[in-house]
Amino acid sequence: VNQSLIAMKLSVATFLVAAVKCAAFTTSPTKNSHAASSVQSVRQKTNQLAMVGATELGKPGTAELDVPWEELGFEFRPTNSHVCLTYKAGEWGAPELVKEPYINIHIGATALHYGQACFEGLKAFAHEDGSVHIFRPDENAKRMQSSCERTMMASLPTEKFMEAVNTAVRDNIEYVPPYGSGGALYIRPLLFGSGPRIGLQPADEYTFLCLVMPVGDYYKGGLAKPVDGIIVKGYDRAAPQGVGHVKVAGNYAADLLPNSLSKQQGFPIGLYLDAKTQTMVEEFSTSNFVGINVEENKFVTPKSGSVLPSITNKSLMTIAKDEGLTVEAREIPLEELETFDEVLAVGTAVVVTPVGSITMLGKDETNTKRYKFGENSEEVGAVTQRLYDKVRAIQNGEVEDKYGWNFKVT
């Protein structure tokens with residue numbers, strides 16, 4: 001591919017986008033009042049975006065892989081390209097498609113020295129008619145902007161974010177797992193300080209990348225058998241007034257050691273309590289916490305300034321309300337774990353991971369407390385299954401997208 005020609009076409013496309021004020025997607029039609037005004041605004045602007053000179057939109061599920069689509073795990077796989085934008089002299093440049101999966105970075109880059117880096121995670125799904133739709137990318141754009149604001153990085157405007165995501169998926173559309181395979185195209189936007197600073201201050205240059213890769217179910221078979229969790233002790237995920245509420249890279253580096261120790265003890269998932277008092281439930285290592293009280297018909301999730309607002313959780317809360325559950329976002333005392341019949345860890349990678357038990361280790365067995373959820377902690381709960389099926393049906397285009405969550409790749 002002639003990279004100069006691609007760059008020229010992208011530059012022309014960007015000019016046209018600015019001229020008509022389009023975004024990078026069309027959304028599924030909606031008649032429901034649940035659709036947010038921001039989504040409606042994007043939808044009104046997004047009927048005509050197509051890159052100048054771009055080839056006809058390809059077909060999902062046509063790439064040649066080393067394994068069948070149904071056997072994809074959740075791991076990195078090379079694809080055609082990624083999208084790159086650079087912020088210099090106070091403005092973002094035009095997007096470029098880059099084939100090589102490597103970057104050159106200044107040795108003084110603030111991402112390397114001071115952790116100026118944030119990222120997002122979202123997915124694209126093939127529908128039965130062969131179209132490809134991205135799930136709630138406008139929400140990821142807003143969350144990345146929040147991360148940038150907190151860490152004094154240049155925010156990528158929503159329309160540029162949407163254009164970049166659309167372009168990355170479009171150029172790699174054959175890697176979108178086919179409808180019915182259970183897979184998705186995982187999308188990883190990344191923004192970091194690439195300009196050099198030695199004193200502690202924000203960079204004057206930033207780089208945004210958007211890479212994609214085909215993935216299967218995090219746990220084979222979709223909704224997995226409930227896992228056993230452990231309450232993390234001796235480590236905190238985030239300080240009360242820190243950066244737990246934004247998706248910055250350092251949050252995940254801090255969890256590597258306690259996460260590894262938990263797995264060595266036989267627990268695949270760790271639950272953090274609040275850093276200040278160690279009495280309130282906050283968040284799993286990489287997922288939001290949800291507790292289901294069947295008798296009281298409640299969906300309960302923590303409300304804390306240290307918890308990352310999950311787009312998956314936000315979606316499940318909306319569905320839960322429509323299913324007749326009372327949704328509560330509030331503080332959850334540790335002892336309330338005893339009242340839950342089902343516990344979920346929710347996030348983009350798995351949508352829902354059912355948790356069968358959570359153990360708080362003591363100095364010996366007599367001081368160890370194990371919270372079990374439901375009569376049979378070895379089986380997926382009925383409410384968990386229902387919520388999972390509902391959100392997956394929307395993502396796969398199997399039911400009406402009455403919320404306007406799916407954005408069609410153009």
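How are helix 7 and helix 8 oriented to each other? I began my notebook with this question, and I kept in mind throughout that the model is predicted.

**Entry 1: helix 7 and helix 8**

I looked up the two axes and found that those of helix 7, residues 311–322, and helix 8, residues 382–395, come within 10 Å and cross at roughly 110°. Angles of 65 to 115 degrees count as roughly perpendicular, and helix 7 and helix 8 are therefore roughly perpendicular to each other. I also noted the hand of the crossing, which is right-handed where helix 7 passes helix 8. I then listed the residues that make the contact, and these are L316, I319 and A320 on the side of helix 7, with L387, K390, V391 and I394 on the side of helix 8. Sorted by class, this contact of helix 7 with helix 8 has six nonpolar residues, one charged residue and no polar ones.

**Entry 2: helix 4 and helix 5**

I repeated the search for helix 4, residues 137–150, and helix 5, whose axes come within 9 Å and cross at roughly 125°. Helix 4 and helix 5 are therefore oblique to each other, and I recorded that helix 4 passes helix 5 in a right-handed crossing. On helix 4 I found P137, D138, N140, A141, M144 and Q145, which meet T158, F161 and M162 of helix 5. By class, I wrote down five nonpolar, three polar and one charged residues for the contact of helix 4 with helix 5.

Is A168 buried or exposed? I first located A168 in helix 5, which spans residues 158–171, and then looked up its relative accessible area, which is 1%. Buried means under 20% relative accessible area, so A168 is buried. Setting aside its neighbours within four places in sequence, I found A168 in contact with V83, C210 and V212. I followed up V83, which lies 85 residues from A168 along the chain, and the C-alpha atoms of these two residues are separated by 5.8 Å.

**Entry 3: the whole chain**

Finally I stepped back to the chain, where I counted eight helices and 19 strands. Of the 410 residues in the chain, 50% are buried. I also looked at contacts between residues at least 6 apart in sequence, and 74% of these join residues at least 24 apart.

Methods
Residues numbered from 1 in each chain as written. Predicted model: local features only at pLDDT ≥ 70, side-chain atom pairs only at ≥ 80, totals over all residues. Heavy atoms only, no water. Axes fitted to C-alpha atoms, helices over the stretch in contact; angles between N-to-C directions. Helix = DSSP H or I, 4+ residues; strand = E, 2+ residues; numbered from the N terminus. Parallel < 35°, antiparallel > 145°, perpendicular 65-115°, else oblique. Left-handed = near helix turned anticlockwise from the far one by under 90°. Contact = heavy atoms within 4.5 Å. Nonpolar A, V, L, I, M, F, W, Y, C, P; charged D, E, K, R; others polar. Buried < 20%, exposed > 50% of the residue type's maximum accessible area, 1.4 Å probe, protein only.
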